[in-house]
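The following account leads the reader through the structure shown here, from single residues to the contact between chains.

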Amino acid sequence: MTKMNMLQAINNALDTAMAEDERVLCFGEDVGVFGGVFRATSNLQQKYGKSRCFNTPLVEQGIIGFANGLAAQGSVPVAEIQFADYIFPAFDQIVNESAKFRYRSGNLFNVGGLTIRAPYGGGIAGGLYHSQSPEAYFAHTPGLKIVVPRNPHQAKGLLLAAIHDPNPTLFFEPKRLYRASVGEVPDEDYRLPLGEAEVTKEGTDVTVLGWGAQMEVIDQAVERAEKDGISCEVIDLRTILPWDVETVANSVFKTGRLVVTHEAPLTGGFAGEIAATIQERCFLYLESPIARVTGMDTPFPLVLEKEHLPNHLKVYEAIRASVEF
Amino acid sequence: MTTTKSKVVYSPVFTDGAEFRIPTFRLLKQDGKLYKSAKAPDLDKDKALRIYRAMVTTRILDERMLAAQRQGRLSFYMQCTGEEAAVIGSAAALDDGDMIMAQYREQGALAYRGFTIDEFMNQLFGNEMDYGKGRQMPVHYGSKKLNYMTISSPLATQIPQATGYAYGQKLRGEGHCTITYFGEGAASEGDFHAALNMAAVHRVPVIFLCRNNGYAISTPAAEQFAADGVAPRAYGYKMDVIRVDGNDILAMYQATQEARKLAVEHNRPVLIEAMSYRLAAHSSSDDPSGYRSKDEEAVWREKDPILRMRLWLESKKWWSEDDEKQLQENMRREVLETMKRAQKRPPPPLESLVSDVYDEVPPSLAEQFDKLKAHIRRYPDEYPKSAEHAKGGA
């Protein structure tokens, strides 16, 4: 075990994967000698050489097109998109190519080795284009997996699982926690399961569900609610696609209430999908409407970021409202 | 820091690139004889006949399957007519272990590699023996064993993928390269630029083969770009480039052979612009009479690449009238008989609707599938293709 922040854990996961398998490659804008703008790929080029860790030209559609080809060839590419806000030029390569490669070829070919890493989310004064949470766009695309870690331990275990998973995986990293989140991380290779949510705290009155950086917000809100005598069950979804309906439904059978929170805007956000599925599954068990606490339906603001974001106070209020309904 | 090493001037000087005039490489005249100063590439009889048979096979397959589409047997078809030399000449210059990442009009390359008529037909009819499990429209072929990547409809997406695939080949060090095909229209997509730039920067063994066939559906090349074709763009990437008469099988073969050497032995990506003409419609859904003249088509019909090669083969005494007659008859018969067989084969099983989305069917999709089967069981007559498969299960 070593104490690491999330960036160190991600760097350590990449290092672990590259050491174990020479087919693993890391590339993207500024990923080479500089180690990425957040330093997630620090020292990898020095350690594994320029052919396995390198800068690419500034062209996201090219990075992912290149990565798709590499994965089809049998390599294990880990492509970095510098900010999730800049993933959209690669939307075609991800949605029409990565996601459909196996299906359209009848499993003759696949890009299962592909992992796309991208820092996402707000709270860093990044304004419109360094703050977005684009998971819902991709959640509408069968064939992709989408994973979001909440802390360093999760980050390493989930990233190693994503790299080794036989399906193309988007790995969204909560950049607000890159240095803020610190914890004990095993030094060896370990993999956490994809497609499985984790109950991080058991409770009886209300289920509070989120992922990534929002888990820290949930923890603060829950601490406050528990002081009011409300027993909260907390779930980290961890994998957005395909998501773990069972764990969430089982929790709601018990609590009868669900609060879902994410940073992305309300309309078309993934909380809507969760709410629809859970009301189908748990209709007769629900004691109150499923609540969504999300970013507002605006572009991501700068100065009024705090007002926009679903912070612990808004989540706390939703918990109270759900229980008092 | 800038990497430009150009000289400095003290008054504004604009250049328009007019000094870069790219010649067209050509060896064979339409009468099958070599140009005076031209020398045929090293191409033995066996290989020449393998190429020629693939060209004729492609032409016959195209004619027959377009007719089948018109008869309502097929939903859709795309012909390669007029471009057989550009496609097959280049494919023949490669090692069969090299990867081909095509656009959709390169069935000739697949025929050359040995894809059987039966395999073509199974894909076209989307039956239970189609490798693609009936999921894609006709002509979206793929073959793992022949190193031919399954076709994807979105244009140009295969081009940066080819760069990536070839980068992987370079790392593996087995001496293979990737060729990717695309039209002059697809070369307007951003993916084209991304792919060529990345290939040049990372010194990737990839051959970019642009089939400049004059039209992107109805849009003529003159409305696609202002420049002299696609070839001059290679200068912008510092990439080797050659423009070739795409209807000249020998020139296509030799140019690609040399390109392959540059790619594999020197890690230099190459752009080849094959100048040809799409003699057929864009697809079975298109009617060229709305945007080009019969006269224009007639000019290009005179430049038939298959006839040009046949005349060359005959001049070498490698081919005769009888050989031609026999090949034509045999191919037509095989295409017809195989088509009838393939058309009768059952559709892919219902399970293929949900398999291969992921390596395993995820629980929520399995649940959707169970619901679908239950629904089909209630209305078996409405789902004749799958009613049998829907029996059993939840």
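Tyr112(B) is buried, since 27 other C-beta atoms lie within 10 Å; a residue is called buried if 20 or more other C-beta atoms lie within 10 Å of its own, exposed if 12 or fewer, and partly exposed in between, with C-beta atoms placed from the backbone. The model is a predicted one, in which local features need pLDDT of at least 70 and side-chain atom pairs count only at pLDDT 80 or more, while totals for chains, interfaces and linings use all residues. Residues are numbered from 1 along each chain as its sequence is written, and chains are lettered from A and ligands numbered from 1 in the order in which they are written.

Tyr112(B) belongs to helix H3 (residues 107–113) of chain B. Helices (H or I, at least four residues) and strands (E, at least two) are DSSP runs, numbered from the N terminus. Leaving aside residues up to four places away in sequence, Tyr112(B) touches Arg50(B), Ile51(B), Ala54(B), Ile88(B), Ala91(B) and Ala92(B); two residues are in contact if their C-beta atoms, placed from the backbone, lie within 7 Å. Between Tyr112(B) and Arg53(B) there are 59 residues in sequence and 8.1 Å in space, C-alpha to C-alpha.

Chain B as a whole has 12 helices and eight strands. Of its 394 residues, 46% are buried. Among the contacts in chain B with a separation of 6 or more, 75% are between residues 24 or more positions apart. Along the principal axes, the C-alpha atoms of chain B fill a box of roughly 80 × 65 × 45 Å.

Two helices of chain B, H5(B) and helix H6 (residues 190–201), pack at an angle of about 20 degrees with their axes 7 Å apart. Axes are lines fitted to C-alpha atoms, for helices over the stretch in contact, and angles run from 0 to 180 degrees between N-to-C directions. H5(B) and H6(B) are therefore roughly parallel to each other, a term for angles under 35 degrees. The contact has eight nonpolar, one polar and one charged residues; Ala, Val, Leu, Ile, Met, Phe, Trp, Tyr, Cys and Pro count as nonpolar, Asp, Glu, Lys and Arg as charged, and the others, Gly among them, as polar.

Some backbone details deserve attention. Val139(B), in the loop between helix H4 (117–125) and helix H5 (158–172) of chain B, has a positive phi of about 75 degrees although it is not a glycine. Arg238(A), likewise not a glycine, has a positive phi of about 65 degrees, and counts as buried with 28 C-beta neighbours inside 10 Å. In chain A, a cis peptide bond with omega of about -15 degrees joins Leu241(A) and Pro242(A).

Finally, how many residues of chain A are in contact with chain B? There are 36, and they meet 35 residues of chain B. H3(A) gives the most to this side of chain A, with 10 residues. The residues on the side of chain A that touches chain B divide into 13 nonpolar, 19 polar and four charged.

Methods: Parallel < 35°, antiparallel > 145°, perpendicular 65-115°, else oblique.
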